[in-house]
Amino acid sequence: MAKYKGINQLSGLDRVVVGLMVVVPTLLVVWLVWAPAIGSVLLSFTNWDGVGPISDAKFIGIQNYRDVVSIYPPFWPAVQHNLIWLAVMFLVATPFGMFLAVLLDRELRGTRVYQTAIYLPVVLSLALVGFIWQLIYSRDQGLINQVTGSTIDWYGDPRYNLWAALVASSWRHVGYVMLLYLAGLKGVDPSLREAAKVDGANERTTFFKVVFPVMAPINIIVLVITVIESLRAFDLAWVINKGRNGLELLGTLVTSNVVGEASRIGFGSAIATIMLVLSSFFVALYIRYIMREQQ
Amino acid sequence: MPRPATQDEYLASLVPDSVKGVSRRTLLRGALGAGALLATPSLLAACGGGSSSSGSSATGTVTLGSNQSDAVPKAAVQSMVNAFQKANSGLTVKINTIDHNSFQENINNYLQGSPDDVFSWFAGYRMRFFAKRDLAGDISDAWKGMSGMTDAFKKASTGDDGKQYFMPATYYPWAMFYRKSVFQKHGYEVPKTLDDLRTLGAQMKKDGLVPIAFGDKDGWPAMGTFDQLNLRVNGYDFHVSLMAGREPWNSDKVKKVFDTWAGLLDLHQPDALGRTWQEAAQTLQQGKAGTYLLGSFVAQQFKQGAEQDDLDFFGFPEVDSTIGADAVEAPIDGYMMSKRPKNEAGALKMLSYIGSPEAQNVLVKADPSVVASNGKADTSGYTALQKKSAEFVASAKSIAQFMDRDTRPDFASTVMIPAIQQFLKNPKDIDGLVNSIEKQKQSIFAS
């Protein structure tokens with residue numbers, strides 16, 4: 001019989017199980033996430049048109065990237081719109097969602113009803129959200145123009161349609177953040193609030209000095225979700241006008257180049273790679289923060 | 001599923017149905033169907049073997065992929081297929097209708113996957129492209145003994161290698177549509193030249209009408225306006241060269257097209273970028289707009305009967321008297337055969353039927369917004385609009401397709417749609433616009 005090596009010793013079967021638990025998910029991740037991602041990066045250096053074997057594709061170096069940034073007019077507006085999207089989600093929608101969560105946490109009467117009402121849009125797909133708001137924004141039959149008598153073309157006019165889309169998107173995002181944050185607030189130890197109260201702190205101070213710091217893990221999750229959702233924003237703009245005419249986003253540019261009849265796979269992959277790099281920047285910030293927390 | 005009694009039974013249940021009882025032939029076919037990646041010439045020869053004779057022996061099922069998803073054309077295809085099945089008792093046709101836009105957007109994957117034996121498509125650059133890239137089947141056999149098709153249609157159906165890959169069914173002209181009652185009420189006359197059009201437009205504005213209805217939310221309708229102006233300003237040959245990438249987009253000729261258009265924009269319905277062509281057609285239908293430059297499918301927004309009878313059109317007026325106005329745009333819709341049809345004899349039979357007057361009589365009767373491509377088709381049942389469309393195209397000296405059918409689709413959709421929308425937003429900066437188009441064109445056409 002083997003010598004007892006302490007409570008941490010693993011039996012042979014344990015080792016196999018642990019091994020499988022590591023290897024199988026790793027293979028899945030490599031196969032389903034890394035391989036397509038790296039494939040996409042590689043394709044971005046070719047001129048593949050999606051027809052015929054991939055071996056026909058010609059390696060053309062960084063020409064796709066040069067073209068994207070220099071002669072493709074929708075690119076820079078798309079970057080700008082993505083950043084505006086991020087800023088609005090981060091500065092308006094997310095704080096507002098948090099605010100609603102704090103309000104609802106105070107056991108108002110009918111809090112369940114409010115929760116459901118605010119959370120409802122999250123259940124709807126963004127495509128459906130786009131359609132619902134179409135009824136409100138439509139130039140000739142929409143609610144806003146019927147009530148105010150204006151003739152603004154909310155979805156068609158490039159001066160307004162980004163903001164109109166942001167309102168629709170925020171409507172959904174607020175509910176999402178509210179739910180996440182509410183769940184976090186419920187988990188805060190009540191004795192902390194009581195202690196703060198005993199020390200004579202008012203509501204405001206209690207929230208910002210005690211509750212908010214305790215909620216750090218949730219804050220990070222909310223932050224990451226906000227960033228990721230903003231950068232990959234796509235569905236809503238696609239439903240409204242295929243991401244053209246004032247609603248260009250990186251996600252819609254990738255789709256219109258790769259998926260449609262155009263099949264500029266190499267070119268679209270280059271935009272996708274730029275999007276990947278941009279997202280990685282934020283993800284790297286997040287990971288760095290997590291690492292620092294752990295030390 | 002009941003609990004398996006033995007381990008063998010359990011293992012057998014894990015095998016999906018598609019793999020059970022696999023023979024070499026089905027495996028082969030499956031591999032071919034799954035992707036052209038595996039296809040080598042020897043395999044192709046082995047698979048398509050010996051069924052190329054298009055005699056009367058064709059039996060079995062033919063699959064037909066149709067992009068005619070709107071109610072009216074869909075019913076037209078159905079009645080044509082019914083007539084075909086009646087005439088050929090051994091053959092059944094299975095129609096697979098796919099949403100029009102999705103079909104067009106997924107055409108690459110569709111053709112490289114497992115396409116239907118016969119599928120709907122358009123004449124033009126894209127048809128020749130599929131033929132060149134070995135994604136479409138040679139249907140020269142179906143053209144043998146075809147009568148009633150003019151050489152122009154045969155030419156439009158021929159690939160770069162001189163073989164036929166396309167069978168025209170119907171076509172429709174692009175023109176300026178108007179309501180006869182509105183023109184009568186105000187005493188308007190059909191404009192012959194651009195100046196006439198401007199004068200007419202000014203009068204319409206005074207009468208409280210939108211001179212030219214316009215909607216470009218989907219991006220492609222405005223291509224029609226560009227094409228018409230280009231055909232009038234520079235002529236048909238230039239259109240063909242420009243679309244083929246042989247002419248620079250930043251030349252004075254193209255600038256003149258945009259300049260002319262800019263001069264007409266105040267006659268166009270404003271806020272076009274948020275409006276679909278259907279909505280724009282409604283303004284014409286409601287008598288709020290005087291004219292509308294579109295394909296004759298605009299009639300689909302008009303009720304059949306009195307309302308469609310009130311619809312009339314005229315060719316886009318002459319801009320330059322040295323160029324004239326004898327070039328028209330009339331996209332041809334038709335059918336092609338996939339590279340490896342499961343029932344080649346049946347598919348060829350179906351295609352030669354589609355080109356026949358009998359089939360086209362059924363099609364144009366069910367959808368009066370199009371006209372038959374076969375000259376022997378019965379025109380006695382045509383509506384006034386159809387008669388006029390047929391004459392209009394027959395009298396034209398040259399027939400263009402449409403920007404997104406005459407040029408590379410990647411160029412049309414990723415460069416021209418945003419570029420024309422940009423022009424509509426800011427018609428002032430034509431130099432910057434055409435330079436940007438030219439730079440992108442060089443990059444795309446070089447690859």
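1. Let me start with a residue in chain B: Asp266(B) is partly exposed, at 47% relative accessibility (buried means under 20% relative accessible area, exposed over 50%, partly exposed in between, with a 1.4 Å probe and protein chains only). A note on the basis: this is a predicted model, where local features need pLDDT of at least 70, side-chain atom pairs count only at pLDDT 80 or more, and totals for chains, interfaces and linings use all residues. Residues are numbered from 1 along each chain as its sequence is written, chains are lettered from A and ligands numbered from 1 in the order in which they are written, and side-chain values use heavy atoms, leaving out hydrogens and water.

2. Which partner does Asp266(B) meet in a salt bridge? The partner is Lys205(B), at 3.9 Å, N to O (a salt bridge is a side-chain nitrogen of Lys or Arg within 4 Å of a carboxyl oxygen of Asp or Glu). Lys205(B) lies in helix H11 (residues 194–206) of chain B and Asp266(B) in the loop between helix H14 (252–264) and helix H15 (277–285), so the pair ties together parts 61 residues apart in sequence. Helices (H or I, at least four residues) and strands (E, at least two) are DSSP runs, numbered from the N terminus. Lys205(B) is partly exposed, at 41% relative accessibility.

3. Now for a buried pair: Asp310(B) and Arg179(B) are both buried. Their salt bridge has its closest N and O atoms 2.8 Å apart. Asp310(B) sits in the loop between helix H16 (306–309) and strand E8 (311–314), and Arg179(B) in strand E5 (residues 174–179), so this pair ties together parts of chain B that are 131 residues apart in sequence.

4. Glu105(B) and Lys242(A) form a salt bridge, with 3.1 Å between the closest N and O atoms. Glu105(B) belongs to helix H5 (residues 100–105) of chain B and Lys242(A) to the loop between helix H11 (235–241) and helix H12 (250–258) of chain A, so the pair joins two chains.

5. Chain A has a network of salt bridges linking Asp105(A), Lys186(A) and Arg193(A). Over all chains, the count comes to 21 salt bridges.

6. Finally, the sheet in chain B: six strands form an open, mixed sheet in the order E2-E1-E3-E10-E4-E11 (two strands pair if DSSP finds at least two bridges between them). Its edge strands, E2 (91–97) and E11 (371–372), each pair on one side only. Strands E3 (residues 118–122) and E10 (residues 332–337) of chain B pair in the antiparallel sense over five bridges, and Phe119(B) stands opposite Met336(B) in E10(B).
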